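Please view the sequence and the model together, then read the grouped points below.

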Amino acid sequence: MRHLRLPSGGDLPVLGQGTWGMGERGSDRAAEVAALRHGLDLGIGLIDTAEMYGSGGAEEVVGEAIGGRRDEVFLVSKVFPHNADRRGAIEACERSLGRLGTDHLDLYLLHWRGGTPLSETLEAFEELRDSGKIGHFGVSNLDTDDMRELWAQEGGSGCAVNQVLYNLTRRGIEFDLLPWCRDRELPVMAYSPIEQGRLLGDPVLGRVAERHGVTPAQIAIAWVLSGDGLCAIPKAATRDHVEENHAALEIRLSADDLAELDAQFPAPDRATPLEIL
């Protein structure tokens, strides 16, 4: 597995397992747990979840999946903005740890910007880190101006990751946010790298995939992973889907492939607000 170096120390796998949509139906639980465990078997140790997903149900699925295998996992969860004050974030983290069946998270993210001052959220993150309940902290869905504000706070430059929507059809971050993060060697974690499946019928993506003998989804993931400082967290709820995602690590897109995809999915030529799903 390839890794990115976190600015606060340690390594972040470039491919992870997303869990958005898991834990919502009890009938799916066994398959979801099996898929996550199969990912661990393949060496996909990064698992991303959140207290929001399934109202905590996704964290419970993850907790079952990583039982007895915690040392194989780089575990990420997120706090709701309305829980992100100093006391609320600490209590939310403790609830997440209980659902996950562990005593620490490797990375804890502010899920999106809310009304709580960033300085207060940072105080909570610092306390959680000092107590050993989290290893690193980061943010999700913060645009360039938000990141500048974060960096201006005491301790804000200790942020380890910004997790944002990024795929072939959502390239707005390339104009300003992604360069800003790269200048600070801050990894960007891309969620929905295949646009929740809506990308897969595109004929150009299909043509590139056919040349490589792979699926369009694998090309879409490989495209994200071809960029500097990027990792991807596609969801996979079946063993076959996990194997498909894992195989995307081996795809190397040529200059011609990238040019063809750029022509179909143009890079931004102006600043655009950060998109969120």
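The end C-alpha atoms of residues 15–263 lie 26 Å apart, and this span is 42% helix and 14% strand. UniProt, in an unreviewed entry, places the feature "domain: NADP-dependent oxidoreductase" at residues 15–263. The model is predicted, so local features need pLDDT of at least 70 and side-chain atom pairs count only at pLDDT 80 or more, while totals for chains, interfaces and linings use all residues. Residues are numbered from 1 along each chain as its sequence is written, and side-chain values use heavy atoms, with hydrogens and water left out.

**Terms for the annotation and the elements**
- UniProt positions follow the numbering used here, feature names are shortened, and annotations may be inferred rather than shown by experiment.
- Helices (H or I, at least four residues) and strands (E, at least two) are DSSP runs, numbered from the N terminus.

**The annotated residue His111**
- The UniProt annotation "binding site", also from an unreviewed entry, covers His111.
- His111 is found in the loop between strand E6 (105–110) and helix H4 (118–130).
- With 6% relative accessibility, His111 counts as buried (under 20% relative accessible area, with a 1.4 Å probe and protein chains only).
- Leaving aside residues up to four places away in sequence, His111 touches Ala50, Met52, Tyr53, Lys78, Val79, Pro81, Ser140 and Asn141 (contact means heavy atoms within 4.5 Å).

**Helices H7 and H10**
- The axes of H7 (residues 203–212) and H10 (residues 255–264) come within 9 Å and cross at roughly 165 degrees; axes are lines fitted to C-alpha atoms, for helices over the stretch in contact, and angles run from 0 to 180 degrees between N-to-C directions.
- H7 and H10 are therefore roughly antiparallel to each other (an angle over 145 degrees).
- On the H7 side the contact involves Val204, Leu205, Arg207, Val208, Arg211 and His212, and on the H10 side Asp257, Glu260, Leu261 and Gln264.
- These contact residues comprise four nonpolar, two polar and four charged (Ala, Val, Leu, Ile, Met, Phe, Trp, Tyr, Cys and Pro count as nonpolar, Asp, Glu, Lys and Arg as charged, and the others, Gly among them, as polar).

**Helices H2 and H3**
- The axes of H2 (residues 57–65) and H3 (residues 86–100) come within 7 Å and cross at roughly 45 degrees.
- Glu59, Glu60, Val62 and Gly63 of H2 meet Ser96, Arg99 and Leu100 of H3.
- This contact has two nonpolar, two polar and three charged residues.

Conventions: Parallel < 35°, antiparallel > 145°, perpendicular 65-115°, else oblique. Buried < 20%, exposed > 50% of the residue type's maximum accessible area, 1.4 Å probe, protein only.
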